[in-house]
Amino acid sequence: MDKALIAQTVANKLFATENAVDTAIVEASKLMGGLVEARQEMRISAVVGTDVVAKVAAALSALAEARAAVVDAHNELAEVKLRVGIRTKLLGVVDKSEAAATHEQVRALRRAG
């Protein structure tokens, strides 16, 4: 099999992983907001559920670390691609509008956080 084709297969898996981590961050952020909103709507003391909120915050932190690690892997793979002699640009995300929408959601959450 052609090196570029093999690299594209790996790139597709990398992009899927990046999207999965981003989606997990978005969903965990929604969970965090939902927990706070539910507590407020029920007029429950902020003390109630503090441990749950802390655990979700820890999960978000771990997801942020996972995202950084995947980005590092992406950068490393870009260097590996050149070292093995692949000079073509890999396709990346095929549906750019979907990627842009997800990217905007993640950026909005980062600004809010």
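User: How do you know that the span of helix H2 agrees with its 34 residues?

Analyst: Happy to walk you through it, bearing in mind that this is a predicted model. Helix H2 covers residues 50–83, and at 1.5 Å a residue these should span 50 Å. The end C-alpha atoms of H2 are 49 Å apart, so the two values agree.

User: Which residues of H2 are buried, and what makes a residue count as buried?

Analyst: A residue is called buried when its relative accessible area is under 20%. In H2 that applies to Val56, Leu60, Leu63, Val70 and Lys81. Helix H1 (3–41) is among what covers the buried residues of H2. Over the whole chain, 19% of the 113 residues count as buried.

User: What makes H1 roughly antiparallel to H2?

Analyst: Here the angle decides. The axes of H1 and H2 cross at roughly 160 degrees and come within 10 Å. Angles over 145 degrees count as roughly antiparallel, and therefore H1 is described that way relative to H2. The crossing in which H1 passes H2 is left-handed. As for the residues of this contact, 20 are nonpolar, three are polar and three are charged.

User: Why is Arg43 called exposed?

Analyst: Arg43 sits in the loop between H1 and H2. Exposed means over 50% relative accessible area, and Arg43 has 75% relative accessibility, so it counts as exposed.

User: What is the phi of Arg43, and where is there a glycine with a positive phi?

Analyst: Arg43 has a positive phi of about 55 degrees, although it is not a glycine. Most residues other than glycine have a negative phi. The glycine is Gly85, which follows H2 and has a positive phi near 90 degrees.

User: How many helices and strands does the chain have, and in what order do the elements run?

Analyst: There are three helices and zero strands. Starting from the N terminus, the order is α-α-α. Among contacts between residues at least 6 apart in sequence, 81% join residues at least 24 apart.

Terms used
Residues are numbered from 1 along each chain as its sequence is written. This is a predicted model: local features need pLDDT of at least 70, side-chain atom pairs count only at pLDDT 80 or more; totals for chains, interfaces and linings use all residues. Side-chain values use heavy atoms; hydrogens and water are left out. Helices (H or I, at least four residues) and strands (E, at least two) are DSSP runs, numbered from the N terminus. The expected span of a helix is 1.5 Å times one less than its number of residues. Buried means under 20% relative accessible area, exposed over 50%, partly exposed in between (1.4 Å probe, protein chains only). Contact means heavy atoms within 4.5 Å. Axes are lines fitted to C-alpha atoms, for helices over the stretch in contact, and angles run from 0 to 180 degrees between N-to-C directions. Angles under 35 degrees count as roughly parallel, over 145 as roughly antiparallel, 65 to 115 as roughly perpendicular and the rest as oblique. A crossing is left-handed if the near helix is turned anticlockwise from the far one by less than a right angle, and right-handed if clockwise. Ala, Val, Leu, Ile, Met, Phe, Trp, Tyr, Cys and Pro count as nonpolar, Asp, Glu, Lys and Arg as charged, and the others, Gly among them, as polar.
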